[in-house]
Amino acid sequence: MVFNSTNTKDCQGWAARDPTGVLSPYKFSRRVLGSDDVSRITTHCGVCYADVLWTRNKFGDSKYPLVPGHEIAGIVMEVGSNIHCFKTGDHVGVGTYSCRDCEYCNDGLEVHCSKGKIFTFNSTHVDGTITKGGYSSYIVAHERQVKNTAILSLHLYCYKIPDNYPLASAAPLLCAGITVYSPMMRHKMNQPGKSLGVIGLGGLGHMAVKFGKAFGLHVIVFSTSISKKEETLNLLGAHKFVISSDIQQMQASAKPFDFIVGTASGDHPFDPYMAFLKTNGILVLVGFPREIKLNPASLNIGSKTISGSVTGGTKDTQEMIDFCAKHKIYPEIEVIPIQYINEAVERLISRDVKYRFVVDIESSLKCAKFSNLTTLLARATVPCPLPQPALPNKPGSPPQPQPTPPSPSSEIFLSISLSVSARVSCFEFDMSTRSVEDCQGWAARDPTGVLSPYKFSRRVLGSDDVSLTITHCGVCYADVVWTRNIIGDSKYPLVPGHEIVGIVTEVGSNIHRFKTGDHVGVGTYVNSCRDCEYCNDGIEVHCSKGAIFTFNSVDVDGTITKGGYSSYITYIDGGCHINRYCYKIPDNYPLASAAPLLCAGITVYSPMMRHKMNQAGKSLGVIGLGGLGHMAVKFGKAFGLHVTVFSTSISKKDEALNLLGADKFVISSDIQQMQDSAKSLDFIIDTASGDHPFDPYMALLKTYGVLVLVGFPSEVKINPASLNIGSKTISGSVTGGTKDTQEMIDFCAAHKIYPEIEVIPIQYINEALERLINRDVKYRFVIDIESSLK
């Protein structure tokens, strides 16, 4: 591919010469038109904050003289002999360059090109020259079509703008517009009736509001400034406006959102906004604050997600332009002459713009080369159906004062409890308690957590109940947490255990799917309202009225639930003609092995299925090799994934590879080994609860990669670039629903997947808990209740 530059400096532009970022007139040469090229007159160019960053060398890689601008709209002047998709006079927009041959380019996701994209300005072109952007009179771009026949009609790097869509309005779509549209579509936010929160109301935020309204969403805007309320509601059409520094308003907004788009680049807390999301809710980050800090519970409780994004591919961009034209969506712009650009940049830094500056290149930057093309230029001045934008301040005049940029109050703390004690009031049950204390168990009496024998009563069997003799109970770290009152809500005497398996001894008159002698399991919760959207979808653990957990919860009769460190258990399984909370275990599956599936197993299986990790040939990383981690390896192998285990201890290598069947073992403290694994993984399951950095692991993910957190470190801290660059995701999870749990048990039986266990008597439980705290177990303790608790 040969690119020749013209001999004359016929392209006029404005460039920065040094890190002061001051722009001034600059003449330079564009290359000669090639057979695969399109040459375009620039009529308008939007002003993006990226123009500030690179003209002022904020990343240390600016190449001067630097001509910025990547929101370029204009008119085709000439096309090469191989170009058939454009003709002279077409209205077009310009994007970025890439290799056009990798998996991302062939899917129309060129911004994620695996060989490195060539940006519209300040990048090294294939001919060694430095790209120069849209603050210039014209631009020449290579325009070869992609190889993927499914999108063969897609034209790379140049977008058709409908003739009736104003070119000035089209310019901001090419960065601000696509930056929010692309992740909104990727995360299926185009579902009428759903709810959307928008943080920040600048160039990106106001477009998120407009797209949300066009999608039929209920849109709420968050800002610290009351002065933005009227425009938010009346100009942009949002349904509600919330002052993010008002604690009462913020608390009143808790949990209504399916989605949030975070466009604010100023530092702000994330936990309050995560508390606003519904179960399985998604916060998409398109801004660049300095860092993201989260309480892991903000992700795990409710299985919530933070996903990053930065601009979009050619396929999405053309789709967005057509969508805007069809639905008459126009950015709110302030059109300025090029001579005003330095003042505009200062105003942009001060957030004094509503909502995007657009440079009128056509009128203010004259170029002799195109003096004979007045007919073409006339076509660029299609009347705008919107009110004419206000004229900017005169050069030299002081900018109008603006309110402080939006940032939620750091004083707001919306706590999320790991233990939900809720009364399920939509059902009435006969739950009389036996007068005889006939259930034997082991209980903790105080925060020392020491367990000892304890007798108590279970309730009398009701018509919707199942009673089972407990044969085995797995030991989970939750047993440590609540016996020692680490959360602060323990109710003594406390009988722990929520990985319960056994044999049915009695069933109520309304129970038809179980009979005496059946092998069954009971997991982390034993009741829920059964009537909310989550219960109806089989994800009762997220019951909107509060699931009743297997131990240490308040049951519907006011008693405290007691877990599986006991001889038998009675629980509700009927009602509303739906069978729940009890799982069939195949007769040929060992009961001792089944116990850990009911917490450790489902805690990793559920998010793996939710994030579609059952795709053979994909790659999975597993952080941590305990009860949860070893099950993630086993499921990964059964799904046909290439599994890599990460550990700080070389002593785990042999078991990881030979016992569990992992394909690769990486010492996470070895920088070279970690670097060798960069961008190699589609998925990561993070089971480690000890504090550890997240950025090194995010760097191991491919584009659109997902890290699922199922452990509980004290804090999650991430550089926003770890999410945004590559549009990566971090999602939380905690256990799973009844539907997934039964599916997982059946999957394990079909594929002969068995947890690695150490069976112990109940009398050894205190030593076992100490060993669990010290991570001295391979890989799950299981109490033999049947043999040791007589």
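Q: What share of the 790 residues of the protein counts as buried?
A: In this predicted model, 59% of the 790 residues count as buried. The cut-off for that label is a relative accessible area under 20%. The chain holds 25 helices and 34 strands.

Q: Why is Thr-738 called buried?
A: Its relative accessibility is 10%. The limit is under 20%, so Thr-738 counts as buried. Thr-738 lies in helix α23, residues 738-751.

Q: Which residues does Thr-738 touch, leaving out those up to four places away in sequence?
A: Thr-738 touches Tyr-525, Gly-538, Glu-540, Arg-580, Tyr-581 and Tyr-583. A touch here means heavy atoms within 4.5 Å.

Q: How far apart are Asp-670 and Ser-647, in sequence and in space?
A: They are 23 residues apart in sequence. In space, C-alpha to C-alpha, the separation is 10.0 Å.

Q: What makes α4 mostly covered?
A: Of the 11 residues of α4, 9 are buried. They are Ala-176, Gly-177, Ile-178, Thr-179, Val-180, Tyr-181, Ser-182, Pro-183 and Met-184. Lys-188, with a positive phi near 55°, follows α4.

Q: Which residues make the contact of α4 with α5?
A: From α4 come Ala-176, Gly-177, Thr-179, Val-180, Tyr-181 and Met-184. From α5 come Gly-203, Leu-204, Met-207, Ala-208, Phe-211 and Gly-212. By class there are 8 nonpolar, 4 polar and no charged residues.

Q: Why are α4 and α10 called roughly perpendicular?
A: The axes of α4 and α10 (residues 314-327) cross at roughly 100°. The class runs from 65 to 115 degrees. The helices are therefore roughly perpendicular to each other. Their axes come within 10 Å.

Q: What makes up the contact of α4 with α10?
A: α4 supplies Gly-177, Ile-178, Tyr-181, Ser-182 and Met-185. α10 supplies Asp-316, Thr-317, Glu-319, Met-320 and Phe-323. This contact has 5 nonpolar, 3 polar and 2 charged residues.

Q: How do you know where around α11 its buried residues lie?
A: In α11 (residues 341-349), Ile-341, Ala-344, Val-345, Arg-347 and Leu-348 are buried. They cover an arc of only 160° around the axis, which puts them on the same side of α11.

Q: What covers the buried residues of α11?
A: The cover includes β1 (11-16), β2 (23-28), α1 (49-55), β15 (333-336) and β16 (356-360). Arg-351 follows α11, and its phi is positive, near 60°.

Conventions:
Residues numbered from 1 in each chain as written. Predicted model: local features only at pLDDT ≥ 70, side-chain atom pairs only at ≥ 80, totals over all residues. Heavy atoms only, no water. Buried < 20%, exposed > 50% of the residue type's maximum accessible area, 1.4 Å probe, protein only. Helix = DSSP H or I, 4+ residues; strand = E, 2+ residues; numbered from the N terminus. Arc of directions from axis to C-beta. Nonpolar A, V, L, I, M, F, W, Y, C, P; charged D, E, K, R; others polar. Axes fitted to C-alpha atoms, helices over the stretch in contact; angles between N-to-C directions. Parallel < 35°, antiparallel > 145°, perpendicular 65-115°, else oblique.
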